[in-house]
Amino acid sequence: MNFSLRIFCVAVSLIVSLQTTSSLAQINVFVDWADFEARLNEATASAGVANFTAGEVVTIKSNVFNDITSHYGGFSLNFTETNPGGDYETIVFGLTTTGSGYGRADSIDFRNLLKTGTGRVFTANFDDFIESSDARSVQIAELSTSLAGTASHELGHNLGLQHFDAYGIASFSATDFNGGYTTGDAQNAHVMATGFTGLTESGREVYRTFSDLSGVKLHMAEGVSPNPITVTSEVGSSHSSAATAQHLDLTSVAFASEYDDAELLEGFFSGSDYYSVDLEAGDKILIEVLSEIIYSNDFDSLLRFYDTDGTTVMFENDDLEVNSSGVNNGGPYSMDAMLWNLPVDAAGRYFIEVDSFGSGDSGNYDMVVAVARFQAIPEPSAILFLSAVLGSAAMRRRRRSSSC
Ligand SMILES: [Zn+2]
């Protein structure tokens, strides 16, 4: 599965290794409409309906542009329909294709280290979303939403997002040893969903949003977030036990995610690497190792999450699995390890171990940690008490998702 993307990633990782990691203040995104109308006419011909009029084409372009900018609302991308010059990301709608796909990205450019990716939307194949029995207004609405969803999806890949990010929904709780959960199709409400996640034709015709995990990762992408989560480097000294664990100070996720705090770490595995993190009762923690999927040294990671004693394994995962019904329930996706929304029921310092499946492995990895903090809902009497005692003191509340 996803071998073509993996091949891209190998190529990209070689390029990435030569890049500096300087941040840019803002990324320009060129929305390129060249030859869009010609491709639209191919789609309408396939669908057996009249070509869209010039006025209808203007409406479709406007709808698509508005949806894309809405998907990325709250982030600092600058979308423009004229070539901005310099380095820029591109979404192009007018390319020809002989394949049956809807779109294609250059790479999964985690952290957006490249600044010049192209996301391709194969407009001519969108006849699937033009039903001749529908009213013209419905055809235009469904086509527009589908085009915009694919456009934001392909741009998402070029900014570092992956299909399984669609399952990163903070409200879900792990229900088995591996921390898997059944999503009940919730992943398909998100932009990074795709065919194998169960996204249907009708699902593509509905406006989708970025998942909570996608929101976190967009804050880790260079030049994308006004409040970026920056990279922490692995310490140089050995930290191969709980006693020597590197402590992770989580960064608040400013918005656009139901995860409250996150960490982005860059490391190199050559033996056990331990990290520690402070959690409160009721928190949920997501931990992901990205190695095989972004680097080329075939490090097959294994993740363990330890209780506060540093020795009791609470959860463990070797390979990331997702399919149309959920995560960690069959459907291998990557050798990379991932633990989803692990619950803890007591406050304390917990431990994460990055290990390898086989012995003697070594390799680069990035690690993403995202924590959804428990949000107590006071009983009415407690609210009265608190308001009396605290007056106007602000109570911390879970941030709502924006339309990212
Ligand atoms: Zn994709």
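User: What makes a residue count as being in contact with Phe93?

Analyst: Contact means heavy atoms within 4.5 Å. Leaving aside neighbours within four places in sequence, Phe93 meets this with Val31, Trp33, Leu147 and Ala151, among others. The model is predicted: local features need pLDDT of at least 70 and side-chain atom pairs pLDDT 80 or more, while totals for chains, interfaces and linings use all residues. Residues are numbered from 1 along each chain as its sequence is written, and side-chain values use heavy atoms, without hydrogens and water.

User: Why is His219 called buried?

Analyst: Buried means under 20% relative accessible area, exposed over 50%, partly exposed in between (1.4 Å probe, protein chains only). His219 has 0% relative accessibility, so His219 counts as buried.

User: What makes the pair His219 and Ser225 a polar contact?

Analyst: The term requires N or O atoms within 3.5 Å; within protein, one must be able to donate a hydrogen and the other to accept it, and residues adjacent in sequence count only if both atoms are side-chain atoms. The side chains of His219 and Ser225 make such a contact at 2.7 Å.

User: How do you know which residues coordinate the zinc ion?

Analyst: Donors are N, O and S atoms within 2.8 Å of the metal (3.2 Å for Na, K and Ca); water is not among the atoms, so sites may look incomplete. The NE2 atoms of His153, His157 and His163 coordinate the zinc ion at 2.1 Å. The donor residues follow the spacing H-x3-H-x5-H. Both His153 and His163 are buried.
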